[in-house]
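Work through the exercises below with the sequence and the model open. Each task is followed by a solution in steps.

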Amino acid sequence: MISPHSSRKATRVQEAPPPAGPPVWDGPPPFGQPAAPRSTMERVKDLPGKVSIRWRLTLTYGALVFAAAAVLLFSVYAIVGNAISEAWPTFQTNLSPTFDAQLQQAMRAFQPVAVQYARDAVLRNSVMALVGVGILALIIGYFVADRALRPVARMTATARKLSESTLAHQRIALEGPSDELKELADTFDAMLTRLNVAFDTQRRFVANASHELRTPLTINRTVLEIALSDPEASQDLKALGRTLLEVNARNEKLIEGLLLLARSERELAVRKPLDVKEVAQTAVEQVAPFAEEHGVTVSADLVSAPTIGDPVLLERSVSNLLENAVKYNIPENGKVWIRTGMADGALVVQVANTGQHVPAYEVNSLFEPFRRLHADRVDSAKGSGLGLSIVRAVVQAHGGNVTAVPRDGGGLVVTIQLPRR
């Protein structure tokens, strides 16, 4: 689905045998050796990086409360022993001095045993109480961490819901005291406002510039068609006119692509119930003559998948994928596969094609405007490089995502996933 850099490179691709077999929808298996087994100490060292901030706060609160309770209980343990030793009573027996002295000596000998028994009893009860306090500290620490992280969770949820089309009316608007979290939320809201202004300015510039450029291109096309219809025009003039018409047509197509890109990056104005199967079938019928002209066989496996969205934009995005799959195919006996259906609760449209090998590290950059594999902006005979950009913008406007992986044997596998509504 990617344009070759030149006819010379296309000839090199033709020398290699064409890929055989059905398309590999999930892409080629990963390369490389299996990872070496890790030691127990390495796994233990990696644990802090795998524990969430919520549980780290919980463990920190619990450990602090546990440590404070442990210090308190062991302080009580020491205080009880000292108190018994210092407050050991002296008995008046009114017995003979000899017998009284023996009795007092026996009581003093029993004093360490009594202190030790008291300390042992306090220690046993303290350990059980400490275990209970530790469990209670973990429970309280979890709820305290949850309450402390609630504003952060709200920021995360807002950021997850944001897109270019929702920046205008989605804000965190955190209420509460003027603390660090409130300052962070206000800073995030201010950043969203600046981003919204930047995106809106960019979209309006592209739309206005495209509209302004369409008028002179239309005038040029009309003048050239009138000149070519003149029977007295020379052959050189007609050849020049046809060349200029081709250039003008390509510029008009570029302008239409920019307009469509600017439109698809806005919030959807049309939301209708539709079936992705019908959308894909229409796109296949439109691309069929183009595929036949290039000698490419299109195989369709279409399953019904209802959703809600803009049928025109979705049809355009599927058509772009099919057109790219036909344009950037192998010179002879090229193949294109398209299928629709449901997978893991999402609507899926997949387009795969035969073609030249695409490095995995180049795939993501192909969704950027005016980007083509092994081609600069001058070498653009096969297109302007807006096709995949329009596809990504349309899919994101519908709340979905689009991914691409190199196909085993050459070509690409592009997958569109849309939420079921």
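**Exercise 1.** Which residues line the largest cavity?

Solution. The structure is a predicted model, in which local features need pLDDT of at least 70 and side-chain atom pairs count only at pLDDT 80 or more, while totals for chains, interfaces and linings use all residues. Residues are numbered from 1 along each chain as its sequence is written, and side-chain values use heavy atoms, with hydrogens and water left out.

Step 1. A cavity is a set of points, on a 1 Å grid over the protein atoms alone, where a 1.4 Å probe fits but cannot get out; lining residues have an atom within 4 Å of a point.
Step 2. With that criterion the lining consists of Leu274, Val276, Val279, Leu314, Ser317, Val318, Val349, Ile416 and Leu418.
Step 3. Sorted by class, the lining has 8 nonpolar residues, 1 polar and no charged ones. Here Ala, Val, Leu, Ile, Met, Phe, Trp, Tyr, Cys and Pro count as nonpolar, Asp, Glu, Lys and Arg as charged, and the others, Gly among them, as polar.

**Exercise 2.** Determine which element gives the most to this lining.

Solution. Step 1. Helix 7, helix 8 and strand 7 (412–419) each supply at least two lining residues. Helices (H or I, at least four residues) and strands (E, at least two) are DSSP runs, numbered from the N terminus.
Step 2. Helix 8 contributes the most, with 3 residues.

**Exercise 3.** Describe how helix 7 and helix 8 pack.

Solution. Step 1. Helix 7 (residues 276–293) and helix 8 (residues 311–327) have axes 9 Å apart, at an angle of about 35 degrees. Axes are lines fitted to C-alpha atoms, for helices over the stretch in contact, and angles run from 0 to 180 degrees between N-to-C directions.
Step 2. The contact (heavy atoms within 4.5 Å) includes Val279 and Phe290 of helix 7 and Leu314 and Val318 of helix 8.
Step 3. Its residues divide into 12 nonpolar, 3 polar and 3 charged.

**Exercise 4.** At what angle do the axes of helix 8 and helix 10 cross?

Solution. Step 1. The axes of helix 8 and helix 10 (residues 387–397) cross at roughly 145 degrees and come within 9 Å.
Step 2. Among the contact residues are Leu314 and Ser317 of helix 8 and Ile390 and Val394 of helix 10.
Step 3. By class, this contact has 7 nonpolar, 4 polar and no charged residues.

Terms used: On a 1 Å grid over the protein atoms alone, a cavity is a set of points where a 1.4 Å probe fits but cannot get out, and a pocket is an open set with protein on both sides within 12 Å along at least five of seven lines; lining residues have an atom within 4 Å of a point.
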